[in-house]
Amino acid sequence: MTMAATRMPARSVEVPDDLFQSILAPYRKTCTYLKRMWIDFYADGDDAVGGAIVGRGQFSIPESFYISDTGHFNAVEFNLCYNQVGYVFFAYCAQHKLISSMSAVDLAYYRRQQLHSFFIAKFASSFQSQIKAASFWGEISLPRATERKKLWMLDTHIRYWDDGDGRSEGDVLLAFLKEVPKEAPLVSQLA
């Protein structure tokens, strides 16, 4: 694997296949671009906030599900890959209590909330050079997490690279709603 940065983790753990598969189960097989994932630990400690613990994934997009082959990784695929690596990263963090401000979130809670409680509040991406979609890497980190009354705000950073010169990155602000009664309207949940 060629990495876009030179830093090497102190240790790396592959996400167990049962967790990996169950978190990505909502995706159609033709749109499951994340193939394997590791959690990389760059420093001592057990908190992902600050970027000391990151999720690194291996991706492959053999064929676009919505457009003729463009020959490169594009904005739609950027977002889909972000969603997949993010879901798995946060599931692993929940299972191992790696986000101190979200210590109440265990894996069972996360699974109940996964699809209906994560919202992208702000999304910015940039493409430095074309990434070959057939085989590339991505890394998600969590520079900051804050807790509010009814949600957590998660500032994330994502970067992608291939084994050549392909590079892309972005910043995504996620809102993760705390569990609320199903009858509560969405507008009140965000307050």
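A: F136 is buried, with a relative accessible area of 0%. Buried here means under 20% relative accessible area, exposed means over 50%, and partly exposed lies in between, with a 1.4 Å probe and protein chains only. The model is predicted, so local features need pLDDT of at least 70 and side-chain atom pairs count only at pLDDT 80 or more, while totals for chains, interfaces and linings use all residues. Residues are numbered from 1 along each chain as its sequence is written, and side-chain values use heavy atoms, with hydrogens and water left out.

Now the strands. Helices (H or I, at least four residues) and strands (E, at least two) are DSSP runs, numbered from the N terminus. Two strands pair if DSSP finds at least two bridges between them. Strand β5 (residues 136–147) runs antiparallel to β6, and 9 bridges join them. One of the positions in this pairing is E139, whose bridge partner in β6 is R159. Between β5 and β6, which form a hairpin, there are 3 residues. On to the next strand: β6 also pairs with strand β7 (residues 167–177), again in the antiparallel sense, over 11 bridges. L154 stands opposite L174 in β7. β6 and β7 form a hairpin too, with 5 residues between them. Of the 11 residues of strand β6 (residues 151–161), 10 are buried, so β6 is largely enclosed by the rest of the structure.

Next, the rings. The structure holds 21 aromatic pairs. Rings of Phe, Tyr and Trp (its six-membered ring) pair if their centres lie within 6.5 Å; planes under 30 degrees apart count as stacked, over 60 as edge-to-face and the rest as tilted. F73 and F136 form a tilted pair, 4.8 Å centre to centre with 50° between the planes. This pair links distant parts of the chain, since F73 lies in the loop between β3 (53–59) and α2 (75–96) and F136 lies in strand β5, 63 residues apart. F73 counts as buried, at 3% relative accessibility.

A second pair involves β6. The ring centres of F78 and Y160 are 4.9 Å apart and their planes are at 75°, so the pair is edge-to-face. It also links distant parts of the chain: F78 is in helix α2 and Y160 in strand β6, 82 residues apart. F78 is buried, with a relative accessible area of 0%, and Y160 is buried at 1%.
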